[in-house]
Amino acid sequence: LPFLKPAHVRRWFPDAQIESYTDAVAEAIAHMDIDKSTRNVLVTHQFVTGGARSGSEELSVGGTDNVDSRVFAPFDYVALGHLHGAQQIDRPTIRYAGSPLKYSFSEASQRKSATIVTLDEKGAVDVRTVPLTPLRDLREIRGSYDELTARSFYEHTTYRSDYLHLILTDEQDVFDAMSLKTCVEGRSMVSIIETARNLECISIP
């Protein structure tokens, strides 16, 4: 089921009362030929109420694009797409698998995984996850300018090959903050924020 907007569904069902995204998805599902005696799986791309979003995902005002999970009642498993964080919604069989990689610094603390679903007889669903380890991780690190420019800070870590979000905690102005770029060896993306003055500069070598 592709991403649906109320206007899309009203076009095909002009007599139906469709005022929200939940109404739109519910109407589309109501017109599916679903045999409830067999196993049914839905793959869809929607924002479901209760899902935790990250900074890389667009948020509509007031959550007007949210869909209530109750519309998925006819399905044994619902594979959801769009949200980058792996999570279940209301029950284990309504799930966002999440993205395999971190796509923004707001995802730095997320643990990426693959979702493995096994459907046995009707009503028997097993859901498990397999952790995914990237070649280069994305990390957020806080510290003073002196701490983050010390080469010893990066020893015995994977920081030199990771993508780093470096947050300076200095209260005073740091005029050569961009020199942090030269302190991190390897193929790293460095985002630097001067928290004291709310200035931001980004470097991608």
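I'll go through some strand pairing first, then the salt bridges.

A word on the source. This is a predicted model, where local features need pLDDT of at least 70 and side-chain atom pairs count only at pLDDT 80 or more, while totals for chains, interfaces and linings use all residues. Residues are numbered from 1 along each chain as its sequence is written, and side-chain values use heavy atoms, with hydrogens and water left out.

Strands now. Helices (H or I, at least four residues) and strands (E, at least two) are DSSP runs, numbered from the N terminus. Two strands pair if DSSP finds at least two bridges between them.

Look at β6, residues 91-96. Strand β4, residues 77-80, pairs with β6 in the parallel sense, over 3 bridges. Strand β5, residues 87-89, pairs with β6 in the antiparallel sense, also over 3 bridges. Now find arginine 95 in β6. Arginine 95 is the bridge partner of alanine 79. Arginine 95 is also the bridge partner of glutamine 88.

The hairpin of β5 and β6 has 1 residue between the strands. There, aspartate 90 takes a positive phi near 70°.

On to charges. How many salt bridges does the structure hold? It holds 6. A salt bridge here is a side-chain nitrogen of Lys or Arg within 4 Å of a carboxyl oxygen of Asp or Glu. For accessibility, buried means under 20% relative accessible area, exposed means over 50%, and partly exposed lies in between (1.4 Å probe, protein chains only).

Take arginine 70 and aspartate 68. Their side chains meet in a salt bridge, 2.9 Å from N to O. Arginine 70 is exposed, at 67%. Aspartate 68 is partly exposed, at 23%.

Next, glutamate 107 and lysine 112. Their closest N and O atoms are 3.0 Å apart in a salt bridge. Are these two buried or exposed? Glutamate 107 is buried, with a relative accessible area of 0%. Lysine 112 is buried too, at 8%.

Last pair: arginine 139 and aspartate 162. Their side chains meet in a salt bridge at 2.6 Å, N to O. This pair links distant parts of the chain, 23 residues apart. Arginine 139 sits in strand β9, residues 138-143. Aspartate 162 sits in the loop between α3 (145-148) and β10 (163-168). Arginine 139 is partly exposed, at 30%, whereas aspartate 162 is buried, at 2%.

And there is a network. Salt bridges link Lys102, Asp137, Arg139 and Asp162.
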